[in-house]
Amino acid sequence: MAGKRVSNMEVKRINRNQMYWLINRQGRVSRPEIAARLGISVPTVLQNVSELMERGLVAEAGTFDSTGGRKAIALMPIYEARFAIGIDITQNHIGLVLTDLSGDVLVHRRQKKVFTDNEIYYRELADLALAFLEESKRPTSQFLGFGLSIPGIVSLDNRMVTHSHALGIAGVPSQRFFEFIPHPCTLTNDANAAMIAEMYHDPEQRTSIYLSLSNYVGGAIFTQPKHDFDHKPAFENLFLGDHCRSGEFGHMTLVPGGTTCYCGKDGCVDSYCSARVLSNLTDGKLEVFFESLAQSEPLGRSWSQYLDHLAIAVNSLRMAFDSPLIIGGYVGSCIDAYLDDLRRRVIKLNPFDLDADYIRSCQFKVEASALGAALRLIEAFIQTI
Ligand SMILES: [Zn+2]
């Protein structure tokens with residue numbers, strides 16, 4: 001199964017890792033089933049299960065109904081064995097999420113806090129993070145760290161925020177965000193983080209595009225792992241480009257000479273498809289826009305124009321990538337009822353597709369970026385299992 005150059009130690013780790021993922025995703029599975037599903041010998045399964053149980057990551061949980069012969073013992077993951085906290089930093093808010101090895105949003109909170117690049121802000125950020133950690137009432141020995149997400153470009157080595165129009169910073173060391181937090185921290189672009197959250201829960205992990213429609217338009221590109229026997233953290237399968245600027249779909253030109261974008265150029269996708277285009281019509285409140293949409297003709301017309309622009313952007317991404325497309329961000333969280341309408345508009349533009357079922361909305365409607373940022377730490381831990 002594994003390539004010839006892989007050492008025995010590595011094969012052992014890959015086997016154990018595969019087994020852990022199977023138990024994690026399955027929730028309840030027997031030793032013989034693991035052996036059958038992964039094509040691993042029963043003695044190897046027995047040994048690895050013992051190790052996982054010793055490490056407190058897996059437990060026995062009753063038996064399965066017998067189909068003749070001895071009843072198989074069920075194994076289940078101990079999700080709470082490790083946990084992490086995600087923090088999404090935006091221009092005006094800080095979102096916090098508690099997650100564990102289940103990858104679910106267990107607790108979340110969002111509060112107003114205007115970003116300023118100064119010590120007062122970073123101290124307050126640390127206070128919020130540490131208070132949230134304490135409120136979790138979980139043992140710090142099981143805490144993996146804080147995963148921060150920002151609407152900005154983070155260098156590949158994680159050391160530098162090279163650019164964030166949204167936060168108004170450039171060339172800022174990542175350490176500045178972590179300075180007052182005495183725990184491991186990572187920094188991830190918000191759309192990349194949201195994509196990680198989607199992929200953590202997707203056993204197929206096919207190549208996919210994430211189009212994030214929040215107050216700024218961003219995106220992420222996930223490429224299907226080549227070797228499915230070795231489960232790599234989703235972050236390692238993101239296509240980042242030469243300057244970690246891939247997925248900046250917000251600055252593809254949609255309308256030549258059109259509305260000026262915050263980036264200074266004219267006619268960017270962001271000027272037509274950001275959530276602000278809609279929320280600006282209802283006093284900055286996107287939920288009010290969607291609540292009022294059915295009763296308001298002017299809002300209906302604006303929505304129709306929005307969908308026309310979005311359809312062009314989506315179709316361009318489809319033509320470029322020929323892959324499933326996830327619509328996320330604030331608008332993606334409200335778009336379910338309008339997906340078929342969007343699909344119809346996209347099909348009209350596409351010379352190949354007979355349907356647009358490849359478009360779907362995001363799984364996580366709240367705090368997807370904070371969750372994904374935390375899952376980077378969770379996945380890094382799982383890789384060491
Ligand atoms: Zn732009």
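## Helix α6

In this predicted model, the buried residues of helix α6 are Ala191, Asn192, Ala193, Ala194, Met195, Ile196, Ala197, Glu198, Met199 and Tyr200. The helix spans residues 190-200 and is mostly covered, with 10 of its 11 residues counted as buried. At the start of α6, the side chain of Asn189 places an oxygen within 3.0 Å of the backbone nitrogen of Ala191, and Ala191 is itself among the buried residues of the helix.

## Aromatic pairs

The structure holds 16 aromatic pairs. One of them joins Phe115 and Tyr121, whose ring centres are 4.9 Å apart and whose planes meet at 70 degrees, so the pair is edge-to-face; an angle over 60 degrees is what places a pair in that class. Both Phe115 and Tyr121 are buried.

The rings of Tyr122 and Phe177 are also paired, with their centres 5.2 Å apart and their planes at 70 degrees, so this pair too is edge-to-face. Tyr122 belongs to helix α4 (residues 119-135) and Phe177 to helix α5 (residues 175-178), so the pair ties together parts that are 55 residues apart in sequence. Tyr122 is buried, as is Phe177.

Phe289, Phe290, Trp303, Tyr306 and Tyr338 together form one aromatic cluster.

Ser271 lies in helix α7, which covers residues 269-273. With a relative accessible area of 17%, Ser271 is buried, because the cut-off for that class is under 20%.

Once residues up to four places away in sequence are set aside, Ser271 touches Thr259, Thr260, Cys261 and Val277. Of these neighbours, Thr259 also takes part in a polar contact, in which its backbone oxygen lies 3.4 Å from a polar atom of the Ser271 side chain.

Key:
Residues numbered from 1 in each chain as written. Predicted model: local features only at pLDDT ≥ 70, side-chain atom pairs only at ≥ 80, totals over all residues. Heavy atoms only, no water. Helix = DSSP H or I, 4+ residues; strand = E, 2+ residues; numbered from the N terminus. Buried < 20%, exposed > 50% of the residue type's maximum accessible area, 1.4 Å probe, protein only. Polar contact = N/O pair within 3.5 Å; in protein donor to acceptor, adjacent residues only side chain to side chain. Contact = heavy atoms within 4.5 Å. Phe/Tyr/Trp six-rings, centres within 6.5 Å; stacked < 30°, edge-to-face > 60°.
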